[in-house]
Every structure is written in structure tokens, then in C-alpha cells.
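Me: I would like to learn how to read strands, salt bridges and surface patches in a model. Can we work through one?

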Amino acid sequence: MSGSYDDRDGKIWMDGAFVDWREAKVHVLTHAMHYASSVFEGERAYNGKIFKSREHSERLIASAAALDMPMPYSVDEIEAAKEATLKESGLTDAYVRAVVWRGSGEDMGVASAKNPVRMAIAVWPWGAYYGDAKMQGAKLDIAEWKRPSPETIPVHAKAAGLYMICTISKHKAEAKGCSDALFMDYRGYVAEATGANVFFVKDGEVHTPLADCFLNGITRQTVIQMLKDKGITVIERHILPEEMADFEQCWLTGTAAEVTPVGQIGDYTFEVGDITRDIAESYEKLVRA
């Protein structure tokens with residue numbers, strides 16, 4: 001595949017059937033385009049198998065429920081559709097995007113109960129999310145925006161609207177020569193990057209922000225269990241930004257990011273140390289097992 005994302009050969013699964021990639025279109029009055037009534041999952045396939053596929057499908061349904069969108073498909077049906085789309089793509093190592101949204105219909109105000117809930121699945125090649133940062137450590141800006149309170153938005157849904165501040169923060173970071181941006185939360189604690197969770201190392205122990213106002217990533221959960229299986233202490237807690245001065249190592253986790261070392265966040269610097277390298281290598285082995 002090459003070229004822009006709307007101009008490629010191949011098929012996209014939409015509402016139960018395959019359509020030509022270039023014809024996978026929606027109407028301009030699609031509710032999701034105007035009111036962010038959309039949820040999605042990003043997944044990776046390795047050696048022809050989607051990693052943690054069922055967990056992603058379950059979370060997709062949970063996210064849709066949080067946005068009051070009745071899912072038209074069960075977990076088993078989503079699983080079958082993803083497998084069929086991966087097979088149709090002809091790829092074995094690939095990125096898988098499943099998206100669910102309120103389409104166009106009788107409603108075009110804030111309410112959209114009369115509009116159909118639609119779903120699509122697309123598969124494409126996607127290499128390292130942060131380029132060569134896997135070797136030397138990514139450089140992160142500190143975002144000016146904050147992750148919101150759970151009282152303001154369904155923070156545990158993988159909802160499109162929650163990524164608005166991610167886009168503008170990442171644009172600003174890239175303009176400064178950074179790969180990404182790190183958010184604080186509404187209380188001022190360290191939260192996450194624009195599309196990945198963050199981990200720190202100090203004195204052989206791993207510290208990671210408590211996922212009480214942002215997505216508890218599937219890769220995050222996987223890495224925490226891997227660390228515990230290795231006998232490494234993992235502390236999930238509120239972390240103040242100034243504590244980053246005392247942390248020795250840092251990495252990001254996410255489906256797209258996988259395990260990516262971090263060399264710098266703002267003025268704070270980190271080494272790509274043994275624990276970081278080991279967990280990155282172990283994760284790579286796990287997903288390809």
C-alpha cells in the first residue's frame with residue numbers, strides 16, 4: 001500500500017460487507033463528524049494473528065455503551081469481521097482499525113438516537129510509531145492541555161472526542177522537534193502521552209500513573225503483568241511532574257507505540273536502561289509468540 005489513506009487498493013469492511021477501499025465513504029451529515037459520536041480500537045497483527053484481539057473487541061463494545069451507542073455486532077461477530085479483513089488484506093504484520101459511529105439519519109442535532117450505528121474495519125501496514133526512537137529514546141514535549149476529570153467526560157472510553165487535545169498537542173510537539181507530548185491530568189499529576197501510557201524506573205522499581213482519569217491501555221496492562229512476572233515491583237500511583245527529575249528510565253506503551261523508550265520529557269532526561277530494553281524485547285517476543 002502507498003499513497004494517501006483515501007486512495008489505495010484493497011477492501012474495507014463496512015457494515016457487514018467488503019467495499020472497495022476508495023468507495024468506503026460516509027455522508028457529510030454523518031453525526032459523528034459533527035458531534036464526535038464515535039469510538040474506535042487500534043490493534044496490531046503479528047504473524048497473521050491480532051494481539052489481544054478479543055480484549056479490544058470487548059473494549060470497543062464498552063466504549064460504544066459509554067457513548068449510548070447500541071452496538072450492532074457481538075464480540076464474536078466483530079472477531080470474525082476482523083479476521084476476515086486481515087485475511088482480505090493479504091498482510092500478516094499490520095495495523096487494524098475498527099471504528100463505530102453514529103451515521104446520518106433523521107437526527108442532525110445533538111441527539112442522534114434515530115440515526116444508525118455503523119461500523120468499519122480497515123487494515124494497513126504501519127511500522128514503528130515513533131520511527132527510530134525505539135533505539136535512542138523518544139523526545140516528548142509537555143502539553144499545555146490537561147486530561148479531564150471523570151466528572152466531565154467518559155474518560156475510560158476510547159472515544160474520538162477525547163483525542164481532540166491529543167491532535168493539537170502532538171502538532172505543537174512535532175513543531176518543536178519532539179515525537180509526542182505528555183499530559184498532566186486535571187489535578188496536575190502525570191497522566192499519559194497523546195496515544196500511549198507512560199512508565200518510569202527508579203531504584204529498580206517501576207512507577208506508572210494510576211489510570212483513574214484516562215484509558216487503562218491493553219498494552220499497559222500487558223506490560224504491568226510482564227514486569228510482575230519478572231519479579232519487578234510495579235507501583236501504580238499519582239505522580240507529580242517534578243518527580244520526573246529523580247526517575248532514571250522511561251518508556252511508553254500502546255498498540256501503535258508498542259514499548260518505546262523515552263530519552264527526554266521537557267527538561268527531564270532519561271537513560272535507555274536495562275529494564276527498558278528488557279521489557280521492550282520481551283514484549284516483542286510475546287506478541288510474535
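Reply: The turns below take strand pairing, then salt bridges, then surface patches.

Reply: Keep in mind that this is a predicted model.

Me: How do I read a hairpin, and what separates strand β8 from strand β9?

Reply: Look for the pairing, then for the turn. Strand β8 (residues 180–185) pairs with strand β9 (residues 190–193) in the antiparallel sense, over 3 bridges. Within that pairing, L182 stands opposite A193 of β9. The hairpin has 4 residues between its strands, and G188 in the turn has a positive phi of about 100 degrees.

Me: Which strands pair with β10?

Reply: β10 pairs with strand β13 (residues 249–254) in the antiparallel sense over 5 bridges. β10 also pairs with β11, again antiparallel, over 3 bridges. F200 shows both pairings: its bridge partner in β13 is C250, and F200 stands opposite H207 in β11. β10 and β11 form a hairpin with 2 residues between the strands, where D203 takes a positive phi near 55 degrees.

Me: Is strand β10 enclosed or open, and how would I tell?

Reply: Count the buried residues, where buried means under 20% relative accessible area. In strand β10 (residues 197–202), 5 of the 6 residues are buried, so the strand is largely enclosed by the rest of the structure.

Me: What does one expect of the side chains along a strand?

Reply: In a regular strand they alternate between the two faces of the sheet.

Me: How many salt bridges does a search of the whole structure find?

Reply: The search finds 22. D15 and R118 form a salt bridge whose closest N and O atoms are 2.7 Å apart. This pair links distant parts of the chain, with D15 in the loop between β1 (11–14) and β2 (17–20) and R118 in strand β6, 103 residues apart. D15 counts as partly exposed because its relative accessibility is 32%, and R118 is also partly exposed, at 22%.

Me: Where do the partners D141 and K176 lie, and is D141 buried or exposed?

Reply: In the salt bridge of D141 with K176, the closest N and O atoms are 3.2 Å apart. D141 is in strand β7 (residues 138–147) and K176 in the loop between α5 (164–175) and β8, so this pair too links distant parts of the chain, 35 residues apart. D141 is buried, with a relative accessible area of 11%, whereas K176 is partly exposed at 47%.

Me: What is the partner of R187?

Reply: R187 forms a salt bridge with D212, with the closest N and O atoms 2.9 Å apart. R187 is in the loop between β8 and β9, and D212 is in the loop between β11 and α6 (218–229), 25 residues away. Salt bridges can also share partners: D7, D9 and R22 are joined in this way into one network.

Me: Which residues make the nonpolar surface patch?

Reply: V26, V28, L29, M33, Y35, M108 and V110 make a patch of about 650 Å². One of them, M108, lies in the loop between β5 (94–102) and β6 (117–124). M108 is partly exposed, with a relative accessible area of 33%.

Me: And which residues gather in the patch of negative charge?

Reply: D203, E205, D246, E248 and E271 gather there on the surface. E205 belongs to strand β11 (residues 205–209) and is partly exposed at 31% relative accessibility. D203 is also the residue with the positive phi in the hairpin of β10 and β11.

Notes: Residues are numbered from 1 along each chain as its sequence is written. This is a predicted model: local features need pLDDT of at least 70, side-chain atom pairs count only at pLDDT 80 or more; totals for chains, interfaces and linings use all residues. Side-chain values use heavy atoms; hydrogens and water are left out. Patches are made of residues with over 30% relative accessible area and no salt bridge: like charges are joined within 9 Å, nonpolar side chains (Val, Leu, Ile, Met, Phe, Trp, Tyr) within 5 Å. Accessible areas come from the Shrake-Rupley method with a 1.4 Å probe; for residues, only the protein chains shown count as cover. A salt bridge is a side-chain nitrogen of Lys or Arg within 4 Å of a carboxyl oxygen of Asp or Glu. Lys and Arg count as positive and Asp and Glu as negative; His and the chain ends are not counted. The place of a charge is taken as NZ of Lys, CZ of Arg, CG of Asp or CD of Glu. Buried means under 20% relative accessible area, exposed over 50%, partly exposed in between (1.4 Å probe, protein chains only). Two strands pair if DSSP finds at least two bridges between them.
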